[in-house]
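Please open the model in a viewer and keep the selection panel at hand. The stops below follow one another as a series of selections.

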Amino acid sequence: MQEYKPIKEGKVRQVYDTGENLVIYATDRISAFDYILKNTITDKGTVLTKMSRFWFDFTKDIVPNHMISTDVKDMPEFFQKTEFEGHTMLCKKLDMLPVECIVRGYITGSGWASYQKDGTVCGIRLPEGLKESDRLPEPIYTPTTKADLGDHDEHISFEDTVEILEKLHPGRGREYAEKIRDYTLALYKKCAEYALSRNIIIADTKFEFGLDENGDVVLGDEMLTPDSSRFWPLEGYEPGKSQPSFDKQYVRDWLKANPDSDFLLPDEVVQKTVDKYIEAYELLSGEKF
């Protein structure tokens with residue numbers, strides 16, 4: 001049996017090269033403030049994989065994605081072990097574009113902090129009089145650089161995106177920048193509307209894209225998971241304050257309130273985080289975890 005070692009390791013995922021394709025393994029690690037916490041969150045990797053699979057299927061009419069299978073039987077023998085079951089996705093190889101495509105439908109987090117200072121979010125001027133957690137008149141696209149592990153992502157303008165992609169793909173930078181912006185907004189609108197019908201607000205999220213062997217744009221990485229999105233319950237939603245959430249904002253809030261924790265969560269915070277992730281998956285997919 002051929003052994004495989006990760007060719008890339010992120011805060012949460014490990015990527016294996018099988019030759020023709022990639023296998024992406026979602027661990028149970030959790031990160032906050034660009035730091036990997038000392039605890040693992042049981043079943044988290046499985047929730048992330050199932051959630052991405054659900055959304056990739058749901059949006060394949062908008063843009064093709066890299067998912068081939070989440071069944072380990074479709075993967076090399078090395079991955080047909082208990083530890084990989086539920087955590088792994090067999091994917092097409094892509095030439096990933098170094099841009100995180102962030103879309104915001106509601107004003108919260110760093111966007112709210114920026115708006116309070118000068119009425120803008122990532123350089124985009126917004127209407128006066130917005131309250132914290134308000135729905136924006138239209139979703140806004142606020143891309144960032146894709147930083148290496150341990151570094152911070154930096155906000156960039158659309159024109160910066162064009163410049164970055166033009167250096168990598170001369171003559172096609174603007175075309176690719178427009179495509180990933182338009183796909184990001186279209187994906188968000190479709191999924192946010194669906195989520196509302198399941199009593200969940202998607203406040204913001206991020207997507208990543210790559211190019212296939214023909215130079216076509218393909219959706220990659222993860223999609224609309226609690227790690228990459230802010231999910232709020234529709235019930236009790238009230239602008240003017242921060243909202244309870246189904247995502248890792250709960251962990252961030254606990255860490256902020258406990259600055260001496262040394263990034264170690266108590267058992268009850270771990271369990272509550274697991275419960276929130278699973279609840280979000282069940283509400284959105286309509287399936288039992």
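Helices (H or I, at least four residues) and strands (E, at least two) are DSSP runs, numbered from the N terminus. This is a predicted model, in which local features need pLDDT of at least 70, side-chain atom pairs count only at pLDDT 80 or more, and totals for chains, interfaces and linings use all residues. Residues are numbered from 1 along each chain as its sequence is written, and side-chain values use heavy atoms, with hydrogens and water left out.

Select Asn-199 to begin, in the loop between α4 and β14 (200–211). Its phi is near 70 degrees, a positive value in a residue other than glycine. Asn-199 counts as partly exposed, at 47% relative accessibility; buried means under 20% relative accessible area, exposed over 50%, and partly exposed in between (1.4 Å probe, protein chains only).

Phe-33 is not a glycine, yet has a positive phi of about 55 degrees. Its relative accessible area is 42%, which makes Phe-33 partly exposed. For context, most residues other than glycine have a negative phi.

Now display the largest nonpolar core, which has 64 residues. Such a core is a set of buried Ala, Val, Leu, Ile, Met, Phe, Trp, Tyr and Cys residues joined through side-chain atoms within 4.5 Å. Among the residues with the most contacts inside it are Trp-55, Ile-180 and Phe-207. Helix α4 (residues 173–197) supplies the largest share of this core, ten residues.

Then select helix α5 (residues 249–257) and helix α6 (residues 267–285), whose axes come within 9 Å and cross at roughly 155 degrees. Axes are lines fitted to C-alpha atoms, for helices over the stretch in contact, and angles run from 0 to 180 degrees between N-to-C directions. The two helices are therefore roughly antiparallel, a term for angles over 145 degrees. Show the side chains of Tyr-250, Val-251 and Trp-254 in α5, which meet Val-269, Lys-272, Thr-273 and Lys-276 in α6.

Finish at Lys-50 in helix α1 (residues 44–59). Beyond its neighbours within four places in sequence, Lys-50 is in contact with Tyr-281 and Phe-289.

Conventions: Angles under 35 degrees count as roughly parallel, over 145 as roughly antiparallel, 65 to 115 as roughly perpendicular and the rest as oblique. Contact means heavy atoms within 4.5 Å.
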